[in-house]
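Hi,

Here is the structure I promised to pass on. Could you have a look at it when you have a moment?

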Amino acid sequence: MAAPEETLRRRKAGNSGPEPETPPESGRDPTGCPARLRTGTFWLTRIVLLRALAFIYFVAFLVALHQNKQLIGDRGLLPCRAYLESVRRYFRGRGGWEAVSYAPTVLWLLDWSRMNANLDALALLGLGVSSVVLVTGCANVVLMATLWVLYMSLVNVGQIWYSFGWESQLLETGFLGIFLCPLWTLSRLPTGTPPSQIVLWGFRWLIFRIMLGAGLIKIRGDRCWRDLTCMDFHYETQPVPNPMAYLLHQSPWWAHRFETLSNHFLELVVPFFIFLGRRLCILHGALQILFQVVLVISGNLSFLNWLTMVPSVACFDDAALGFLFPSGPGGLKDRVQKMQEEAARGARPTLRYGCVVRQAVHVALGILVAWLSVPVVLNLLSPAQVMNTSFNSLRIVNTYGAFGSITKERTEVILQGTASPNASAPDAVWEDYGFKCKPDLRAQRVDHSPGREAPGQRQGGSVPTGLQPFQGQGPPQVGPGRALQVQVQPPGGPACCGRQVVGPEEDRPLLPPTQPARPGGLLPVPGLATPGAGVVPVPD
């Protein structure tokens, strides 16, 4: 009778659940609540990283498709064919490999007589591959290496148009993304190839250098960063301020001081959180992503800001990113939880030859990044720090920095042309070319050049605007560019685009009449150390 009495006592206690040896339902803990992911794994992190990187690649190749023919095409402003020919002439007699290693690009292998078609083909192929990774969330070494080679091929012939820092940053980020994936397998959860800790630390090392480099270049650069007045000017003088920038520009002085102090904290202090354990590493990633979102809202350097968010994702593990994925049996989160449970029970995957090779490659990658980081770290420690510079043509490990100096007066470039047969005639009518994101130029401008009524002079009325002022009149004669001061106006002012208006305070030529010749006829790559010429500066 003892057994029935014991059963009765259990029923009175309300214990009517399954027997202790019955396993709990998948995706739930023993209490019936949805199970939480364990910390320390990065399966979901890899998916988010790959999709974020593929999105950046997609935008970069889309921009290349729309602009490369006009910038570096057959009839572009700086034709890449002429650049490659200059490189080939410079290295003539010393072998083709030296020319290729100086400017690595697949264009060396293509027909130069159809350069526009080549540029479009590279961009379209990049768009297709990045779309696959973006939609599926999975990739392999072949796909990621293809994206990296395609974009590197454009950057190394892009000259000044591909020298603003974010191109090298995308190449370094994309290079690390190659080693994040399995060699051939196309699966979002390739169970035999977990994300490498070395690669994840490579991403963290990247975001650490990006932020610390930006912070140090500010402290060593413009005095306004030290006296906390830079934000008094930044919103107005950044490229194409947006409506939110205008509102932020009107903030009180103490708000601008707080913004500058916050910038120093995020760029000089927060990066060290990466090395202080999981929680502070996650806090670092969250703060840096939030910082970039604020920059996106307040300015127009959004491509750089979205790109900077990508390595910050490596600061989060599966437990931190689980909220991005739906729950339910058979889902990604449920499958990751099962893999974590198997690992917690001591189940280890069979050590195969491919796994050993993969680990050896990752160790070699870590050694390579450490070795290439030596000049980068020395640059960070140097009082003569340079930013946005590569020390190798593959741009694997680079220096970064932004806004080392703040422009106190905003200038706006104006391009003009005339359809008059005689451009030097006093009665020649000059019209302004309009461009996307350009302000509405309605103030009078007076050119003080002697001898004739010069481009830009008006006897009253507003300056004509329009994208094609000479459409249907034949090819115009293009006049010199002008650089004029721009002031931010309040809502309802004379300017209707971006609340900007050109003032008549200054009117000067944009470019010198001639460009200085380069030694040996080699056109240098801005931001890259060239043979015997040191580092060519890049635009700030």
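This is a predicted model: local features need pLDDT of at least 70, side-chain atom pairs count only at pLDDT 80 or more; totals for chains, interfaces and linings use all residues.

Residues are numbered from 1 along each chain as its sequence is written, and side-chain values use heavy atoms, with hydrogens and water left out.

**Cores**

The largest nonpolar core holds 94 residues, and Y57, M144 and Y151 have the most contacts inside it. By such a core I mean buried Ala, Val, Leu, Ile, Met, Phe, Trp, Tyr and Cys residues joined through side-chain atoms within 4.5 Å; buried is under 20% relative accessible area, exposed over 50% and partly exposed in between, with a 1.4 Å probe and protein chains only. Helix α2 (residues 43-72) is the top contributor, giving 16 residues to this core. Helices here are DSSP runs of H or I with at least four residues, numbered from the N terminus. Not counting residues up to four places away in sequence, M144 touches L50, L53, Y57, V133, A139, G177, I178 and C181, where contact means heavy atoms within 4.5 Å. There is also a second, separate core of seven residues, C224, C230, Y235 and I406 among them.

**C80**

C80 lies in helix α3 (residues 80-90) and counts as buried because its relative accessibility is 0%. Beyond its neighbours within four places in sequence, C80 contacts I72, L107, M115, L119, V157 and Q159. Its C-alpha atom is 9.9 Å from that of N116, 36 residues away along the chain.

**Helix α13 and its partners**

The axes of α8 (residues 197-220) and α13 (residues 278-298) come within 12 Å and cross at roughly 50 degrees. Axes are lines fitted to C-alpha atoms over the stretch in contact, with angles from 0 to 180 degrees between N-to-C directions. The two helices are therefore oblique: under 35 degrees is roughly parallel, over 145 roughly antiparallel, 65 to 115 roughly perpendicular, and the rest oblique. On the α8 side the contact uses R204, I207 and M211, and on the α13 side C281, H284, Q288, F291 and Q292.

Helix α12 (residues 253-269) packs on α13 at about 135 degrees, with the axes 11 Å apart, so this pair is oblique as well. Here N263, L266 and E267 of α12 meet L287, Q288 and F291 of α13.

Best wishes
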